[in-house]
Every structure is written in structure tokens, then in C-alpha cells.
Amino acid sequence: MTDLTPQKDAALAAIADAASLEALDEQRVAALGKKGWVSLALKTLGGMSPDERQVAAPAIQAVRAEIADAIDAKKAALEAAELEAQLASETLDLTLPAPATPQGSVHPVSQVMDELAEIFADLGFSVATGPEIEDDWHNFTALNMDESHPARAMHDTFYFPDAAPDSGKMLLRTHTSPVQIRSMKEQGAPIRLIAPGRVYRSDSDATHTPMFHQVEGLVVDRDIHLGHLKWTLETFFKAFFEREDITLRLRPSYFPFTEPSVEVDVGYSNEGNRRVVGGHGDAEGHDWMELGGSGMVNRRVLEMAGVDPDEYQGFAFGLGIDRIAMLKYGMNDLRAFFDGDPRWLSHYGFAAVDQPTLSAGVGAAS
Ligand code: FA5
């Protein structure tokens, strides 16, 4: 019988030196594989005499077991080292601060719309909406501006080129007033609502943009008069600007859909290049700024919206949301509202958690 000791020693040395699981497996195949030297040695047992076999068989089996044990031990060591290396390369330092993630912010117009809804909800107003693509009847005719009415020209309307023949001309609504008509037709009277939203006019400079935002207000009930309108606007502006010294000036004006009509101005002063609301507009260092139009709903409008003008009266107002946002939060160019500049948004925008509430203050800190 051949002595397997040299082969065994060489194999054990190679197993100890194996640097990877692949290298170790090569050693396993070379020794214990079908054609490995241990397997071949086992095959020689068949040609031996029983006496020889009795000595040789346990010796070969012992070599086989020694090599298999060495392979198992080395395998466990290599796997442990591999895991160790992986853990070392994948460590997470949980004490590090979280990396900065890009954050969105709430646009001042959206924030102001939420503030409006919060204040008016407290006064018992609901929030209504209407389509931005409107028909000529709701935007003009039902608001007492028939085809030949000169006030139509003041609206710089964007018309759609080819509307269906009997649908009436389609346009981008020029104000939120058509929501008055839609709401009265749907709900009848009494009614108490605000309707904030986008409106469009082909008009552009530092204080005018082709798309801007208005909030409509409408109250229809029995015995409504101009005093209710003034009280409502004053109460709203005091809550909105969070100061008591708000002075409103109602200036006689003209809108086809209100009679009488009044323009609403608010007193402000200049502090640096910022306009600060408060005080009487005629006082030293003060002036007036127009915020919107309003008036008592014209009888003809109530009639066209299906409300009996002998039983119900109403007041309505339409305010420029962008303008009141600029006044409250100190921006001076309206066009920046719509540039989408992330620096402007991160400066003037609001955190999503800054929900305006009457108890915590509707003017969330920006
Ligand atoms: C109207 O649009 C009327 N519908 C308001 C109204 C409603 C009157 C209900 C009576 C009853 P006017 O065109 O004045 O009115 O616009 C109202 C306000 O929208 C303005 O005072 C101003 O604050 C704002 N506004 C008007 N045009 C622009 C513009 N191009 N850019 C930004 N704000 C504007």
C-alpha cells in the first residue's frame, strides 16, 4: 500500500493557504472529488487482499476525514472573514445627521387662499369653485354685460378661436364673478360663499400679470345692505392682516353687475421699499391701495341667476389675491409670483405644516 502522508500534507498546506472559497473548492475537488486522489486511493481497496484491506481502509478513511474536516474549518473561516469585510464596508453611522433632502414649499398664493378660507369659514361662508374655461354667458351676459356692453372691452379677454356654434363663445374667465351665477343657479338663496381661483387677462406689467388670482364673495339673503358688506370686508381684513388699525375706503365706482358699486381701498404707509398696511390713507406718509371691487348685486343679475330680487338682496366683492399677498408678505413685483424661481419660493414660501388656523394665527411665519 502507498503511503498517502506526503499527499495529505501537501493538501492540508494548500487548504490552509486557500485565499478564497473558489480556491478552497479547487482543493476539495482535487482530493475528494470523483477523480481526486483520495477517491482513487479508495478504489484501490477492491484489488487488495482482505488482510491488506483491513489495514489500508481505515488509514485511507482517516486521511479522507482529516482533509474533509480541514476543508470545513477553512470554509467556515473564509465565510466569517467575508461577512466581516461586508459588514465593515456597509457600516452606517446612525449618529450622523440626516442628509439634506430637497424640500418643496407652499406658494404664498396657496397659503393666502388657505388663510382666506379659514377666516371666511369662521364667518359662515362656504368655498365654491367654477371652471376656468368659461362661456361668454356666465362671464359676461349673466353679469349684465350683453354683447355690446363697453365694460367687456376693459377685461382684455382671451377668447378660444373656434367654439361649437351653439355653446356660445368660450373664453378664459376674466374674473371669479361667473361663480356667483353658477352658485345661485345651483343653490338658490340664501347663499354665503367665497370663490377663490385663477383668472386671465391679456395685461402685463409689475402689478398686472396675464394670469392672476381673485377671491369672489357673495352673500344673498333678506334685508342685506351695504353696511353688511363694509362690516364683512373690515372684519376680514383685520383678521387677515392681524391688526386692528385697518382703515378701508369705499370709493363710488361702476360695475355692471353691482348697483351701487364701490371700489375697496386700504390705507398703508411706506417703510423702506415695503408697503405696510394700517392707518388712514390720507394721513401724513400714508396712501390708499385698491384691493378690489364690490357692491350690491344688481337686480338684473339676481333675476338672470333665478333669484327673486323683490325677496332677496345681496352684496358681492372681488379681491385680487396676489395683491393682498404682496401687501401682507412684502413682495414688490407680482411677476416673481409666477417665475417658479426656487430661491424666491424658499424665501417667500411656507412649510407644509404651516396650516393657517384662527387659534394659532392665520399669518404663519414664513
Ligand atoms: C373685477 O374683476 C370684478 N369682478 C370685481 C367685483 C366682484 C366687483 C364682485 C363687484 C362685485 P376688477 O377688474 O377691478 O374687478 O378686478 C378686481 C381686482 O383684481 C383688482 O382690484 C385687483 O386687485 C385685481 N386685479 C385686476 N387685474 C389684475 C391683474 N392683471 N393682475 C393682478 N391683479 C389684478
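A nitrogen atom of the ligand lies 3.4 Å from a polar backbone atom of T209, a polar contact being a pair of N or O atoms within 3.5 Å; within protein, one must be able to donate a hydrogen and the other to accept it, and residues adjacent in sequence count only if both atoms are side-chain atoms. The model is predicted: local features need pLDDT of at least 70, side-chain atom pairs count only at pLDDT 80 or more, and totals for chains, interfaces and linings use all residues. Residues are numbered from 1 along each chain as its sequence is written, and side-chain values use heavy atoms, with hydrogens and water left out.

**Ligand surroundings**

- Around the ligand there are 25 residues, of which H175, S177, R201, Q214 and E290 come nearest; a residue belongs to such a set if one of its heavy atoms lies within 4 Å of the molecule.
- The side chain of S177 has an N or O atom 2.9 Å from a nitrogen atom of the ligand.
- An N or O atom in the side chain of Q214 is 3.0 Å from an oxygen atom of the ligand.
- Taken alone, the ligand exposes 670 Å², and the protein buries 94% of that; accessible areas come from the Shrake-Rupley method with a 1.4 Å probe, and for residues only the protein chains shown count as cover.

**Residue Q214**

- Q214 is found in strand β5; helices (H or I, at least four residues) and strands (E, at least two) are DSSP runs, numbered from the N terminus.
- With a relative accessible area of 10%, Q214 is buried; buried means under 20% relative accessible area, exposed over 50%, and partly exposed in between (1.4 Å probe, protein chains only).
- Besides the ligand oxygen, the side chain of Q214 reaches the backbone nitrogen of T176 at 3.0 Å.
- Neighbours within four places in sequence aside, Q214 is in contact (heavy atoms within 4.5 Å) with H175, T176, A195, P196, G197, V199, R201, L319 and I321.

**Nonpolar cores**

- The largest nonpolar core has 44 residues, and L116, F236, F237 and I324 touch the most other members; such a core is a set of buried Ala, Val, Leu, Ile, Met, Phe, Trp, Tyr and Cys residues joined through side-chain atoms within 4.5 Å.
- Two or more residues of this core come from each of α5 (108–122), β5 (211–221), α8 (226–241), β7 (258–271), β9 (286–297), β10 (313–320), α10 (321–329) and α11 (342–348).
- Another core, of 23 residues, lies apart from it and has A128, A142, L143 and L302 among its members.
- F236 touches L116, I119, F120, L319 and I324, not counting residues up to four places away in sequence.

**Aromatic pairs**

- A search of the whole structure finds 12 aromatic pairs; rings of Phe, Tyr and Trp (its six-membered ring) pair if their centres lie within 6.5 Å, and planes under 30 degrees apart count as stacked, over 60 as edge-to-face and the rest as tilted.
- F337 and W344 form a tilted pair, because their ring centres are 5.3 Å apart and their planes stand at 50 degrees.
- W344 also pairs with Y348, with ring centres 5.1 Å apart and planes at 50 degrees, so this pair is tilted.
- W344 and Y348 are four residues apart in helix α11 and are therefore separated by about one helical turn.
- F337 is buried at 3% relative accessibility, and both W344 and Y348 are buried.
- Ring pairs link F120, F125, F236, F237, F240, F241 and F317 into a cluster.

**Backbone features**

- Most residues other than glycine have a negative phi, and most peptide bonds are trans.
- A cis peptide bond joins A189 and P190, with omega about -5 degrees; P190 sits in the loop between α7 and β4 (191–200).
- The bond from E259 to P260 is also cis, with omega near -5 degrees, and P260 lies in strand β7.
- N144 has a positive phi near 70 degrees; N144 is placed in the loop between α6 (136–139) and β3 (170–172) and is buried, with a relative accessible area of 17%.
- D223 has a positive phi near 60 degrees; D223 is in the loop between β5 and α8 and counts as exposed, at 63% relative accessibility.

- In helix α7 (residues 178–187), the residues P178, V179, Q180, I181, S183 and M184 are buried, and G188, with a positive phi near 70 degrees, follows the helix.
- L358 belongs to the segment after α11 and is partly exposed at 37% relative accessibility.
- Leaving aside neighbours within four places in sequence, L358 is in contact with E118, I119 and D122.
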